[in-house]
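Hi,

Here is the model I promised to pass on. Have a look, and my notes follow below.

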Amino acid sequence: MFSSCADPSTLQGLNWLMCYLTTGKHLDFYWSFVTVLTLLAVTAPVALAFGFGGAMLARSHHLVLRIIGKGYTAMVRGVPDIVFFLFFVIALDQGIEWVMHQARCPDWTDPIRNGLEFRVCPQAKVPPNSAAQVWHSVYGFALAVVTFALVFGAFAANVIYGAMQAVPRAQLETAEAYGMSQGQVFRRVLVPQMWIYALPGLSNLWLILIKATPLLFLLGVQDIVYWARELGGAKTSAFSYPHPDWRLYYFLGLLVFYLLMTRISEVFLTRLQNRLSHGQATAAGEAQRKAAA
Amino acid sequence: MSCLQTIADYGLRSMGIGERLLPRADFTLCQQFTLIGSGMIWNIYFGVLALLFGFFFANALALAKAARNPLARKPAEWFIFVFRGSPLFIQFFLAYEALVLLPRNGIEIFGITAEVSWLSRAWAGALIVLFLNTAAYSAEIFYGALRSVPKGDLEAAEAYGITGWNRFRRVEWPTMMRLAWPSYTNEAIFLFHATTLVFFSGFPAFRQEGDALYYASYFVDKTFNPFVPYPIVAFYFVILTLALTGVFGAINRRLNRHLPSNERSRVKLRPQIIR
């Protein structure tokens, strides 16, 4: 990256380190941090939406909807999340191709699942075989996002369902006594009051989501773990500079990155918690009121 | 080949007993159930031992974190922050990379050469990581419980002249356990879930002896069909979770047996501590 790096005689000490850390492969490594942050930024709101939907379904008066919602929220309780990560990515991929296959090649006669193979007609491949490499990466990333959102949506649904139950019943009854309809009670009373009860759980979930991002590596996305292994290893495909096994240092770097993310999030979430407690009928809100008075 | 024969061949495959080669084609449901079930031995091994050792270390850590002396408090706080603040996945990688850097010929201590290569094997290395990890998470739970021991209990103990170690052993510690137990049950369940990460992180499976998820993903790689092996893993884990809830629930009942029934804390599953 720097012109001085072209001259090998100057490569010593700090100067060497600077040049080493700015090679093309390292710039790819730094970009993969952006991948992780993008995943966090996209997944968090989508998972929240999934969780909200799941909690609403679980509260529904309609039996079938309620069973779907409860099933979704119960999904993550007994089974390790990593099983879902591995399962959904393949299942979604095959599901999409199967639907495309049904739509585009109705007169294809060969069985799709033939022995040890899963074969759809060429037109049903997603993304198409001719697509550029970048689209394959984008597709892989999108699958990962949907998988994360599905799993974390289930966690969020648990939290939000609990929070909706925690809103004092008297508040809802008062709203009903004023003649509000069910929808109005939900929108104007339940949802605004719910957040303060949901926040501790959701904060926890956010910290968990940060800590789950290395699993992207298992889903085949070239994330920070992938690059740390490639750049640190002594004999890998990203091998550009002969060095012994430095993976330990790269992983120490990742450890520091995650610890920093956790710390920053904790500070920010504590502030948010104080902010949201303002004027609420909870112990924290009461403490704020007393401190001000 | 009958199913009983399969169980005899592969039932203990994950420990290296029985048939050496994994099945390569024509996978039957029985084979998948047997091999994945045999992999569960590893999950249970990691979970039980890490939980057992971690319990004692966690107690010590919680006490250290609650201590007045900063020499005890600060290291405990840092330890808990590092292990709770970073992904277990990265911890596994880091531990593996650190352990393979140990000299191959062993370390000389007082003229005796200590063999260290076994540390980089999963059964020891991953167990150490899981032990430290669960100790940190449990310590935070115990610390929280220790802080919420009712003031009245402590004052009552003092009124009876019970102080120091006696007060801790007979009043504080039992109450701390009782308060912490529902959260600790969750921690135990999610520790067992976390054991599935072992063979997907740095630690290689020696002679294809892996855990349940390792065999499940082996089948998925071979058949390209995720709809059978993964639900089997899920099935085993649901059973394991139910068994754990049963055991921990029984302990919880014993811890709470002196309380009137409406004041007892129930064990509730809250999926909040994956790592």
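How many aromatic pairs are there over all chains? The count comes to 45, where rings of Phe, Tyr and Trp (its six-membered ring) pair if their centres lie within 6.5 Å. This is a predicted model, so local features need pLDDT of at least 70 and side-chain atom pairs count only at pLDDT 80 or more, while totals for chains, interfaces and linings use all residues. Residues are numbered from 1 along each chain as written, chains are lettered from A in the order written, and side-chain values use heavy atoms, without hydrogens or water.

One pair to look at is B:Trp181 and B:Tyr184: the ring centres are 5.3 Å apart and the planes sit at 50°, so this pair is tilted (under 30 degrees would be stacked, over 60 edge-to-face, the rest tilted). Both residues are buried, meaning under 20% relative accessible area with a 1.4 Å probe, protein chains only. On chain A, one aromatic cluster is formed by A:Phe29, A:Tyr30, A:Phe33, A:Tyr250, A:Phe257 and A:Tyr258.

Now the interface. Chain A puts 40 residues into the contact and chain B 41 (heavy atoms within 4.5 Å). Between them the chains bury about 3,900 Å², 76% of it on carbon and sulfur atoms; that is accessible area (1.4 Å probe) lost on being put together, summed over both. The count between chain A and chain B is 1 salt bridge (Lys or Arg side-chain nitrogen within 4 Å of an Asp or Glu carboxyl oxygen). B:Glu97 forms a salt bridge with A:Arg247, with the closest N and O atoms 3.2 Å apart.

Cheers

Methods. Buried area = accessible area lost by both parts, 1.4 Å probe. Buried < 20%, exposed > 50% of the residue type's maximum accessible area, 1.4 Å probe, protein only.
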